[in-house]
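Please have a look at the model on the screen, and I'll walk you through a few places in it.

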Amino acid sequence: MAGRFAPRPARATVRGDVPRQAVAPGKVRVWVPDGPLELGLVLGPLRRGPGDPTFRTMPDGSVWRASRTPAGPGTLRVTARGGEVRGEAWGAGAEWLLEQLPGMLGAYDDPSVFVPRHRLLALTRHRRPGLRLTRTGLVLESLIPSVLEQKVTTLEAYQAWRLLVRRFGEPAPGPAPGRMCVMPSARTWALIPSWEWHRAGVDNKRASTILRAVRVAARLEEAAGMEPAAAQERLEVVPGVGPWTSAETVQRSHGAPDAVTVGDLHLPGIVGFALGGDRYADDSAMLRLLEPYAGQRHRAARLVLLSERVPERRAPRMAPRGIERL
């Protein structure tokens, strides 16, 4: 056997002391907003639970996002210092993410249009002047987690998103914090076996809705260039996507200030209690209270939630169904 195989190269390092491969520096863009900006408020709606693999906030105040852009996967780190915002991005989608950075941070949103008609909203806006409505320009990355949130507890929805993205996504490019992932491509979503949906706690109705959506992913992504109302109409062509899901999507993909969420279990009672003292308000009562804010109803609802004036809970939380154990 002598001479038949080349000798193994000597180990350059001892076990446990393997040098990390250097990461190439990312592309950078610096942008100066035209008013107050609070990263947590603007980007917070993009986070799907504390364990979201695509979103991470760091102790230094920076925000990391991993996205699947039209140019490919990308990782974006955003920091705000001294009145300016610095974005650094890695991966095939880096340039696309930096191009969209101002819109994602509310550059196309105009908070000055909002005229508060209730003292509570006026005080909340005064306390949180950095609220802007984000606009990602990506439809599918907001649509899929919104479908997962249909008629289940938030804990169930967040767990499903986390498990599916980590199982079928890909590692985020660049020096992203540990275990950050880019969500799966449309084709990968379509190829997820039925038992994997079940393991993630996703029932057949929600899984089927996502499968129908990803089959027409290109057409849905075209909606990013439409007006929010037209985009909602296109999304609702997909069976299983209704007004609740389409509103939750365009609020993030389009920064739609008037896309108020109807059909929600809690929001009507919260808005009704805050603006009218009616904790049992339904959708129609909520919409009547929001009529003075036509064109800005979503912003008004966000301010209500930020005011923290919510009715006391009078019933236990809905228990997760845990279908993955069946």
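Leaving aside neighbours within four places in sequence, Pro33 is in contact with Gly83, Glu84 and Val85, where contact means heavy atoms within 4.5 Å. You'll find Pro33 in the loop between strand 1 (27-31) and helix 1. Helices here are DSSP runs of H or I with at least four residues, strands are runs of E with at least two, and both are numbered from the N terminus. Pro33 is buried, at a relative accessible area of 14%; buried means under 20%, exposed means over 50%, and partly exposed is in between, with a 1.4 Å probe and protein chains only. From C-alpha to C-alpha, Pro33 and Glu84 are 6.6 Å apart in space, although 51 residues separate them in sequence.

A word on what we're looking at: this is a predicted model, in which local features need pLDDT of at least 70 and side-chain atom pairs count only at pLDDT 80 or more, while totals for chains, interfaces and linings use all residues. Residues are numbered from 1 along each chain as its sequence is written, and side-chain values use heavy atoms, with hydrogens and water left out.

Now the overall picture. The chain has 14 helices and 7 strands, and 48% of its 326 residues count as buried. Among contacts between residues at least 6 apart in sequence, 66% join residues at least 24 apart.

Here is another loop position. Gly61 sits between strand 2 (55-57) and strand 3 (63-69). Is Gly61 buried or partly exposed? Partly exposed, with a relative accessible area of 40%. Its C-alpha is 6.8 Å from that of Thr79, which is 18 residues away in sequence.

Let's go on to helix 14, residues 297-307. Of its 11 residues, 9 are buried, so helix 14 is largely enclosed by the rest of the structure. The buried ones include His298, Arg299, Arg302 and Leu306. What do they pack against? Helix 1, helix 3 (119-127), helix 11, helix 12 (267-276) and helix 13 (283-290).

Arg302 deserves a moment. It is buried yet has no salt bridge, and the nearest side chain of opposite charge, Asp109, is 8.3 Å away. A salt bridge, in turn, is a side-chain nitrogen of Lys or Arg within 4 Å of a carboxyl oxygen of Asp or Glu. Beyond its neighbours within four places in sequence, Arg302 touches Leu41, Pro45, Leu131 and Leu133.

Side chains of opposite charge can pair when their charged atoms come close.

One of them joins Arg48 and Glu149, at 2.8 Å from N to O. This pair links distant parts of the chain, 101 residues apart: Arg48 is in the loop between helix 1 (39-43) and strand 2, and Glu149 is in the loop between helix 4 and helix 5 (154-168). Arg48 counts as buried at 4% relative accessibility, and Glu149 counts as buried at 15%.

Next, Arg167 pairs with Glu196, their closest N and O atoms being 3.5 Å apart. Arg167 lies in helix 5 and Glu196 in helix 7 (residues 194-199), 29 residues apart. Arg167 is exposed at 51%, whereas Glu196 is buried at 9%.

Then there is Arg234 with Glu222, at 3.0 Å between the closest N and O atoms. Arg234 is in helix 10 (residues 228-235) and Glu222 in helix 9 (residues 217-222), so the pair ties together parts 12 residues apart in sequence. Glu222 is partly exposed, at 43%. As for networks, salt bridges that share partners join Arg167, Glu196 and Arg199 into one.

My last stop is a helix pair. Helix 4 (residues 140-148) meets helix 11 (residues 243-253) through Ser142, Leu143, Ser146 and Val147 on one side, with Trp244 and Arg252 among the residues on the other. By class, this contact has 3 nonpolar, 5 polar and 2 charged residues; Ala, Val, Leu, Ile, Met, Phe, Trp, Tyr, Cys and Pro count as nonpolar, Asp, Glu, Lys and Arg as charged, and the others, Gly among them, as polar.

Terms used: Axes are lines fitted to C-alpha atoms, for helices over the stretch in contact, and angles run from 0 to 180 degrees between N-to-C directions. Lys and Arg count as positive and Asp and Glu as negative; His and the chain ends are not counted.
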